[in-house]
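Please look over the structure shown below before reading on.

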Amino acid sequence: MKNLLHRHNISGEAWTILEPLLPGQRGQWGGIAKDNRTFINAVFWILRTGAPWRDLPPEYEKWGTVHQHFRRWRDNGTWKKVHEALIDDPDYE
């Protein structure tokens with residue numbers, strides 16, 4: 001099962017672009033994120049497989065926690081900020 005998860009994970013190159021755009025880093029207001037990369041990988045797994053949230057493999061965390069985090073980022077504009085930063089690069093469609 002673990003190998004199947006890896007093919008949906010983002011690359012190291014993509015992570016270096018995304019990481020500075022995400023909340024929860026030292027020096028920012030609020031708490032420090034536990035693991036933004038695992039969260040992003042969980043969201044990408046959902047997007048790439050088309051599976052419902054409840055089918056998220058437990059290796060990515062509890063589906064309800066990931067879904068709540070996803071909604072929080074939707075509501076606070078984080079996903080919009082990430083989208084705007086990547087929209088001009090066709091490699092990150």
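Buried means under 20% relative accessible area, exposed over 50%, and partly exposed in between, with a 1.4 Å probe and protein chains only. This is a predicted model, in which local features need pLDDT of at least 70 and side-chain atom pairs count only at pLDDT 80 or more, while totals for chains, interfaces and linings use all residues. Residues are numbered from 1 along each chain as its sequence is written, and side-chain values use heavy atoms, with hydrogens and water left out.

**Asparagine 36**
- Asparagine 36 belongs to helix 3, which spans residues 36-49; helices are DSSP runs of H or I with at least four residues, numbered from the N terminus.
- With a relative accessibility of 9%, asparagine 36 counts as buried.

**Nonpolar core**
- A nonpolar core is a set of buried Ala, Val, Leu, Ile, Met, Phe, Trp, Tyr and Cys residues joined through side-chain atoms within 4.5 Å.
- The largest such core has 21 residues, of which Leu18, Phe39, Ile40, Leu56 and Val66 touch the most other members.
- Helix 3 supplies the largest share of this core, six residues.

**Aromatic rings**
- Rings of Phe, Tyr and Trp (its six-membered ring) pair if their centres lie within 6.5 Å, and planes under 30 degrees apart count as stacked, over 60 as edge-to-face and the rest as tilted.
- Five aromatic pairs are counted by this rule; one of them is the tilted pair of tryptophan 53 and phenylalanine 70, at 5.3 Å centre to centre and 50° between the planes.
- Tryptophan 53 counts as buried at 18% relative accessibility, whereas phenylalanine 70 is partly exposed, with a relative accessible area of 23%.

How values were computed. Helix = DSSP H or I, 4+ residues; strand = E, 2+ residues; numbered from the N terminus.
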